[in-house]
Amino acid sequence: MLIIMMRNSITIENKCWNRHIVCGVTKILNAGYSIESSKKAIQLAEEYDFVYASVGVSPNDVEDKLDLLPKLAAHPKVVAIGEIGLDYYWNKENKELQKEIFMRQIEIANEIDLPIIVHTRDSEEDTIDILKNKRQCKNKGVFHCCLLNKEFVKEALKLDYYISFSGVITFKNSKNAEEIINMVPLERILIETDAPYLSPEPLRGKRNDSRNLRYVAQKIAEAKKMKTEEIAKITYNNAINFFLTDTCHLSQI
Ligand SMILES: [Zn+2]
């Protein structure tokens with residue numbers, strides 16, 4: 001019943017989808033982060049009905065050429081452009097190039113009529129500045145693996161974007177997680193794995209996969225004083241409404 005995002009790289013070999021379905025994950029959005037991984041994401045989406053893909057070049061892969069991206073993005077199971085964005089934690093030296101690649105991909109999203117999945121790390125101000133003042137995405141987007149930064153979340157919500165929470169909200173050192181979760185209205189929340197990274201407590205440090213998503217839903221439920229199943233249902237519906245709205249995609253639900 002949940003929908004998640006996970007990096008591909010993995011599961012073609014594992015063939016462990018059935019276990020994921022047993023755990024209540026019935027649809028998966030597999031996010032690309034480079035041209036190569038975007039092609040793989042499409043390949044998986046073609047192979048499995050319940051898998052969807054996003055395609056994009058992340059700020060850590062900016063040497064990839066964007067020429068192929070519009071063609072990949074036009075695939076019927078591609079539901080977003082991403083992950084795209086800015087990352088000054090890993091790369092401080094090429095900020096201008098990162099911005100250029102980010103903005104060009106927002107244009108592609110607008111041309112093909114898709115939303116975006118945004119990655120931002122140590123670059124919140126520039127990311128918001130681009131989305132607010134320089135290149136608006138007409139179909140909006142989601143901030144994936146949301147940073148637990150109050151000011152940033154406030155700005156993200158003003159843009160009318162979704163906030164996607166990962167295992168980070170369950171970490172013992174994420175002291176303000178509940179406060180941040182409560183800043184975000186239910187209709188703006190999505191959940192994700194960011195697999196193979198960011199396994200939630202109590203599995204922190206192990207390889208992550210979509211079966212662990214229930215801990216993320218559970219943490220949100222605790223903060224919102226609701227039932228985990230309710231959060232699972234709401235975030236699932238949010239994801240469906242956001243990513244699979246057009247009729248061509250709806251026929252596959
Ligand atoms: Zn990311």
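The model is predicted: local features need pLDDT of at least 70, side-chain atom pairs count only at pLDDT 80 or more, and totals for chains, interfaces and linings use all residues. Numbering starts from 1 along each chain as its sequence is written.

Overall, the chain comes to 11 helices and 8 strands, taken as DSSP runs numbered from the N terminus (helices H or I, at least four residues; strands E, at least two). Of its 253 residues, 45% count as buried, that is, with 20 or more other C-beta atoms within 10 Å of their own, C-beta atoms being placed from the backbone (12 or fewer is exposed, in between partly exposed).

Now for α6, which spans residues 124-134. T127, I128, I130 and L131 are buried there.

What do the buried residues of α6 pack against? The partners are these, with contact meaning C-beta atoms within 7 Å:

| Element | Residues |
|---|---|
| β4 | 78-87 |
| α5 | 95-112 |
| β5 | 116-121 |
| α7 | 150-158 |

As for α5, its axis lies 11 Å from that of α6, at an angle of about 40° (lines fitted to C-alpha atoms over the stretch in contact, angles from 0 to 180 degrees between N-to-C directions). That makes α5 oblique to α6 (under 35 degrees is roughly parallel, over 145 roughly antiparallel, 65 to 115 roughly perpendicular, the rest oblique). K99, F102 and M103 of α5 meet D126, I130 and K134 of α6.

Terms used: Contact = placed C-beta atoms within 7 Å.
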